[in-house]
Amino acid sequence: MEGKVVIGILALQGAFSEHQSALQKMTPPRKVCSLLVRTPGDLENCDALIIPGGESTTIALLAKLAGLLEPLREFTKTKPIWGTCAGAILLAQAVENAKRDGQELLGGMSVTVARNGWGSQVESFEAPLFVEGLQDSQIPFTGVFIRAPVIQALHSSPDQPPAQVIARLPVGKVPKSEAHVPSDDDNDDPRRIVAIRQGKHMLTTFHPELTKDGRFHEYFVRTCVLPFLSS
């Protein structure tokens, strides 16, 4: 067996312990160790990073206070990151519906997202997702959407690989909102996109860590982390 892989989990706020539990249950080709990241020194020891769901502005503020904001931005340039829900917002190129004081972003992925695009906590929902490339892909993955961000647009960049859509909401499962113009049966509607991989980075607008299904964690390690370490 080759050396261990250290996957950090940004542990300032949000569902970081759930991600750690999911990683600990994995049995990939190489040994995966998790590390809760709270300082720049912790981050230096990581081969990859997961930014959990939570509150994106709070996570960004705490990262700034911990001296982590700029190290995280540098990390996005060289190593794999997976952002879930709030983490997806932080990985975006641009954000809509930001709070009055603005939203610090790490960047790294060529997308525009809208915060709380589906509404308040009471409008949270679950949806079955069929994901090509996931283990046992014929079995739907339950996407848990809690005050989830909405992907508004994908962008092309000469400096980055193309964004690959890996999961969409089923037709008819897009929640209603006054801000929406396209119809729910529009296959090109970016609001249906809920998971994207771009090079070594990945984002999901839902919370895989809040299920007992570890297939998205395995997917991140297999498609983003291990190929990067082998390159």
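Me: Which residues are buried in H6?
Reply: This is a predicted model. In its helix H6, the buried residues are Arg215, Phe216, His217, Glu218, Tyr219, Phe220, Val221, Thr223, Cys224, Val225 and Leu226.

Me: Why is His217 called buried?
Reply: Its relative accessible area is 1%. Buried means under 20%. The value of 1% falls under that cut-off, so His217 counts as buried.

Me: What does His217 touch, leaving out residues up to four places away in sequence?
Reply: His217, which sits in helix H6, touches His19, Ala22, Leu23, Met26, Ile50, Trp82, Pro208 and Glu209. A contact here means heavy atoms within 4.5 Å.

Me: How do you know that the end-to-end span of H6 agrees with its number of residues?
Reply: Helix H6 covers residues 215-230, which is 16 residues. The expected span is 1.5 Å times one less than the number of residues.

Me: Where does H6 bend, and by how much?
Reply: The bend is at Val221 and amounts to about 30°.

Me: What makes the phi of Cys85 worth a remark?
Reply: The phi is positive, about 55°, although Cys85 is not a glycine. Cys85 is found in the loop between strand S4 (81-84) and helix H5 (86-91).

Me: Is Cys85 buried or exposed?
Reply: Cys85 has a relative accessible area of 4%. The cut-off for buried is under 20%, so Cys85 is buried.

Me: What is the phi of Asp136, and where does the residue lie?
Reply: Asp136 has a positive phi of about 50°, and it is not a glycine either. Asp136 lies in the loop between strand S7 (125-129) and strand S8 (141-145).

Me: Why is Asp136 called partly exposed?
Reply: Its relative accessibility is 46%. Buried is under 20% and exposed is over 50%, with partly exposed in between. The value of 46% lies in between, so Asp136 is partly exposed.

Me: How many helices and strands does the protein chain have, and what share of its residues is buried?
Reply: The protein chain has 6 helices and 12 strands. Buried residues make up 50% of its 231 residues.

Definitions and conventions: Residues numbered from 1 in each chain as written. Predicted model: local features only at pLDDT ≥ 70, side-chain atom pairs only at ≥ 80, totals over all residues. Heavy atoms only, no water. Helix = DSSP H or I, 4+ residues; strand = E, 2+ residues; numbered from the N terminus. Buried < 20%, exposed > 50% of the residue type's maximum accessible area, 1.4 Å probe, protein only. Bend = angle between axes of the 7 residues up to and from the residue.
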